[in-house]
There are 2 protein chains.
Amino acid sequence: MQNLSNSNLSQPQRHFIDELAMLLLSWGMTITAARLYGYLQLQIGPVSLDEMAADLEVSKSNVCAAAKLLEAHGNARRLGERGSKRVLYVAGDDPGLPLRRQTDLLGMMSALIAARKDDVAEGAARARLTRLAAFHRDLKDAMEGAILPYKPKSGS
Amino acid sequence: MQNLSNSNLSQPQRHFIDELAMLLLSWGMTITAARLYGYLQLQIGPVSLDEMAADLEVSKSNVCAAAKLLEAHGNARRLGERGSKRVLYVAGDDPGLPLRRQTDLLGMMSALIAARKDDVAEGAARARLTRLAAFHRDLKDAMEGAILPYKPKSGS
DNA sequence: TGACAGATTCTGCATTTGCTGAATATACAA
DNA sequence: TTGTATATTCAGCAAATGCAGAATCTGTCA
């Protein structure tokens with residue numbers, strides 16, 4: 001059976017990308033961004049928009065948007081090729097970067113709840129909010145602790 | 001200035017609910033579900049669908065759907081009132097319950113990557129996947145460790 | 001400068017989503 | 001069994017989203 005498309009991916013690779021993408025969808029990613037994420041993880045060197053579009057079999061404009069999204073979230077890095085207008089992408093080197101947004105959110109929620117709880121609740125509800133604020137704070141701390149060791153060596 | 005609506009919430013409470021909801025939106029919640037989440041946190045006793053709809057100023061069908069959503073995610077608990085068809089909701093007593101879904105996801109991703117990495121990548125990409133699987137696993141463990149202490153006392 | 005290679009933005013479309021108000025279903029009480 | 005209070009589902013609508021392909025913009029090279 002010939003390869004009908006222009007994709008250079010092996011079938012196991014496609015399966016891997018799609019399965020990983022399915023899991024990532026639960027995190028609110030679009031399907032193209034999720035697939036691109038998995039795709040970039042498999043690549044050894046930087047890849048161009050045309051390669052990504054061909055391999056993932058989606059339009060270039062679509063993959064362009066997805067790449068920008070991943071870049072904004074810290075999941076991909078954009079490289080300029082010297083002496084060319086061509087744009088290349090590689091997987092982000094800090095897997096925890098996208099999660100910092102989440103931990104920030106947890107911190108904000110914890111702070112908000114702690115600051116307002118006495119104004120908006122009393123009795124059992126106030127006790128619950130106190131507990132909730134502590135929970136968010138502890139979770140944030142635990143996540144940050146787990147993320148930290150994976151920060152890439154600072155010599156960028 | 002009179003209260004033009006049927007809501008029993010104080011203005012600080014409304015503010016709190018809306019601010020918290022804004023933060024929760026980033027986690028993919030719908031606005032009504034997010035507001036209902038905050039609302040339930042403020043309540044001392046169980047509340048009916050009619051109360052929720054009136055206080056949040058949304059339709060009953062909408063709040064019904066949102067309540068089911070929160071219940072499915074473990075953010076709310078549904079109580080039957082003895083001798084009545086009325087349905088009541090309270091905030092979930094385990095703040096970490098909704099996160100177990102996330103940690104499960106992390107575990108699945110870690111397992112998927114670890115199992116397939118040798119089939120789909122080589123060289124630097126394979127090393128990156130190995131690191132990624134470990135990262136997911138460590139993050140999952142850290143989150144579970146932080147969540148565990150908040151599990152409510154087993155005496156239901 | 002002109003021509004080209006490439007990224008980006010734009011336009012249009014189909015799908016999905018969240019919401020409301022109406023219709024329907026269901027449990028309880030008499 | 002019938003009436004009633006309540007939850008749930010349905011139908012329709014408006015807004016947002018994701019996508020493809022076309023059009024446009026922008027460096028780079030001759």
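A:Val87 touches A:Val47, A:Ser48, A:Leu49, A:Arg78 and A:Leu79, leaving aside residues up to four places away in sequence; contact here means heavy atoms within 4.5 Å. This is a predicted model, in which local features need pLDDT of at least 70 and side-chain atom pairs count only at pLDDT 80 or more, while totals for chains, interfaces and linings use all residues. Residues are numbered from 1 along each chain as its sequence is written, chains are lettered from A and ligands numbered from 1 in the order in which they are written, and side-chain values use heavy atoms, with hydrogens and water left out.

Let us stay with A:Val87 for a moment. A:Val87 is found in strand β3 of chain A; helices (H or I, at least four residues) and strands (E, at least two) are DSSP runs numbered from the N terminus. From A:Val87 to A:Leu25 there are 62 residues in sequence and 26 Å in space, C-alpha to C-alpha. The strand itself, residues 87-91, is mostly covered, with 4 of its 5 residues buried. Buried means under 20% relative accessible area, exposed over 50%, and partly exposed in between (1.4 Å probe, protein chains only).

Now look at the partners of β3(A). β1(A) pairs with β3(A) in the antiparallel sense over 2 bridges, and two strands count as paired if DSSP finds at least two bridges between them. In this pairing, A:Val47 stands opposite A:Tyr89. Strand β2 of chain A, residues 76-80, is joined to β3(A) by 5 bridges, and these strands also run antiparallel. Here A:Ala76 stands opposite A:Ala91.

Turn next to chain B, where an open sheet of 3 strands has the order β1-β3-β2, with antiparallel pairing. Because β1 (47-48) and β2 (76-80) of chain B stand at the edges with a single partner strand each, one side of each has no neighbour in the sheet. β1(B) and β3 (residues 87-91) of chain B are paired over 2 bridges, and B:Ser48 is found opposite B:Leu88 in β3(B).

Residues up to four places away in sequence aside, A:Gln43 touches A:Leu9, B:Ala125 and B:Arg128.

How far does the contact between the chains extend? It takes 48 residues from chain A and 48 residues from chain B. The size of an interface is often given as the accessible area lost when the parts come together. Between chain A and chain B the buried area is about 4,400 Å², of which carbon and sulfur atoms give 70%; this is the accessible area (1.4 Å probe) that two parts lose on being put together, summed over both.

Across the interface of chain A and chain B the rule finds 2 salt bridges, each a side-chain nitrogen of Lys or Arg within 4 Å of a carboxyl oxygen of Asp or Glu. A:Glu19 forms a salt bridge with B:Arg116, with the closest N and O atoms 2.6 Å apart. On the chain A side, α1 (11-25), α2, α5 (97-120) and α6 (123-147) each supply at least two residues that touch chain B. The largest share, 13 residues, comes from α6(A).
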